[in-house]
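Colleague: Can you put the model up? I have a few questions about it.

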Amino acid sequence: MLLKKLQLKTIDCSLMLAVCFSFFFTSIVAAQEVIPDAVAQKPAEMPTGGKLKIDGIIATVGDYIVLDSDIDKGFLEIAAQGGSTKDITRCQMLGKLLEDKLYAHQAIQDSIIVSDAEVRTMMEDRLNYMVQQVGNIDEVVKYYKKSSVEEFKTYFSDILKEQKLASEMRDKIVKDVEITPEEVRNFFKKIPKEELPTFGAEMEVAQIVVEPKISAEDKQKVKDRLIAIKKDVLEGSSFATKAVLYSQDPGSSKNGGYYKMTRKTPFVKEFKDVAFSLQEGEISEPFETTFGFHIIMVDKIKGQEVELRHILISPTVSEAALKEAKERITNIRNKIVSKEITFADAARTESDEKETRTNGGTLVNPTTQDTRFELTKMDPALYSQVSNLKDDEISQPLLNTDDKGKKTYKLITVTNRIDQHTADYAKDYTKIKELALKEKQISAIAKWFDTKIKDTYIKIIGEYRSCDFANNWLKK
């Protein structure tokens, strides 16, 4: 029963969080607006009949409003992404919208800051995704019924900022929630045996990676090319145009290499070190990161924020280098198969992947941060590489191209298989701990809502006052 209650609480407290925010871009709040301060303090009252809506407003939370059309847009967004809405009521959808508004409102009260640079980065990510889905930016603008790209970006940036505020507020609420081993044990003991969760089949995987060596000559060719581009810009050419023509960074090349960043922006250290060492108008010398070689030109410095443009060019891996890497990894495989060395020891001494070689090549699941991968949730590319491997079998050398275009050869082996099974405290401690922590976090969020709802101006009008909300939005 306890587990069922946990599941129900999860649905009640963040029903749409799992459904809506699992999609890459969420537009449930697409038509929601911020009320000017003067209006927010005293929204228009409903007539006693209770059925009329004033300009479509159905709820007010602090400085924010929710429109009746927002609920319809929420359903449309879920359906457009292939999700089912048959078990979601309008009241539940409204409850989720009210949660988001209270999060965002309180984030502002708590002086949580979302920078323009963060919003711009989110905007680029969302736009790239949406354009991939529909074909071009004009279709995106048309879908949102805006007259121009600029109007859409202004409109959408407000939505993204609100979403980020809500996310930061949720993180703040649960960041200090911790769980002790004793609490995990008590949580597990309270679950009746017949209600213990079932965990799917899992496996643990290890790999050895060999990177093709890029010659000093090939690196110098790229640096010489960037030096020539820098010279052209200093002589009057447009850096932005050069970035559009030559930069291999998909995230910025279309925008002339433009980024706005602070020291907290998640860029690699080498990039940030160079960016914050330059003066306005200065262009860096070519420098190397894991992505390739860059040059940076700083456009503006505003306090702790830098606006810049950059050009990225990566050296091309030669066929000779690829052949040499394949021969090297084939030799490693032969040594493992002939029992000259174990897979784990070979990973420690021969692998070029720093992240895995210290622990014998064992991969860490990026979602759970443990070493187990549930087969039904495994990355399709990884699953295709390991699904047909037998116990202790070593794959043939696999040519892998990552999302940065970087080519490597690797060997993969399955080091452990775990069949589908009912939860076991000793074997599944990590997963049980996650469930216990989730319950404690939900409890913390529920207490937060109870407190903030009492302290915040909230008004729900019309037929929605008859909703049976999970939270006390009606302050009964």
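Predicted model: local features only at pLDDT ≥ 70, side-chain atom pairs only at ≥ 80, totals over all residues.

Colleague: Disulfides to begin with. How many does a search of the whole structure find?

Modeller: The search finds one disulfide. Cys91 is joined to Cys467, with an S to S distance of 1.9 Å.

Colleague: Where do Cys91 and Cys467 lie?

Modeller: Cys91 is in helix α4, residues 90-109, and Cys467 is in the segment after β13 (458-460), so the bond ties together parts that are 376 residues apart in sequence.

Colleague: What is the handedness of the disulfide?

Modeller: Left-handed, because the torsion about the S-S bond of Cys91 and Cys467 is about -75 degrees.

Colleague: And Cys467, buried or exposed?

Modeller: Cys467 is buried, at 5% relative accessible area. Cys91 has 26% relative accessibility, so that residue counts as partly exposed.

Colleague: How many bridges join β1 to β13?

Modeller: Three bridges join β13 to β1, residues 57-61. As an example of a bridge partner, Thr60 has Lys459 in β13.

Colleague: There is a four-strand sheet too. What is its order?

Modeller: That open sheet runs β5-β8-β7-β6, again with antiparallel pairing. Its edge strands are β5 (258-261) and β6 (287-289), which pair on one side only. The twist there averages 45 degrees from one strand to the next.

Colleague: What about β6 and β7, how many bridges?

Modeller: Three bridges, in the antiparallel sense, with β7 covering residues 292-302. Thr289 is opposite Gly292 in β7.

Colleague: Switching to aromatics. How many pairs does the structure hold?

Modeller: Eleven aromatic pairs. One of them is Phe152 with Tyr155, where the ring centres are 6.5 Å apart and the planes are at 50 degrees, so the pair is tilted.

Colleague: Where are Phe152 and Tyr155?

Modeller: Both are in helix α7, residues 149-174, three residues apart, or about one turn of the helix. An α-helix has 3.6 residues a turn, so residues three or four places apart point the same way. Phe152 has 0% relative accessibility and therefore counts as buried.

Colleague: And what is the geometry of Trp448 and Phe449?

Modeller: Their ring centres are 5.2 Å apart with the planes at 75 degrees, so the pair is edge-to-face. Trp448 and Phe449 are both buried. Together with Tyr103 and Trp473, they form one aromatic cluster.

Colleague: What lies over the face of Tyr103?

Modeller: Arg170, at 5.1 Å from the ring centre. Elsewhere, the charged end of Lys431 sits over the ring of Phe199, 5.8 Å from its centre.

Colleague: Last one, helix α8. Which residues are buried?

Modeller: In α8, residues 181-189, the buried ones are Val184, Phe187 and Phe188. Viewed down the axis of α8, they fall within an arc of 95 degrees, so they line one face of the helix.

Technical notes
Residues numbered from 1 in each chain as written. Heavy atoms only, no water. Buried < 20%, exposed > 50% of the residue type's maximum accessible area, 1.4 Å probe, protein only. Helix = DSSP H or I, 4+ residues; strand = E, 2+ residues; numbered from the N terminus. Arc of directions from axis to C-beta. Phe/Tyr/Trp six-rings, centres within 6.5 Å; stacked < 30°, edge-to-face > 60°. Lys NZ or Arg CZ within 6 Å of the ring centre and 35° of its normal. Disulfide = S-S within 2.5 Å. Pairing = 2+ DSSP bridges. Axes fitted to C-alpha atoms, helices over the stretch in contact; angles between N-to-C directions.
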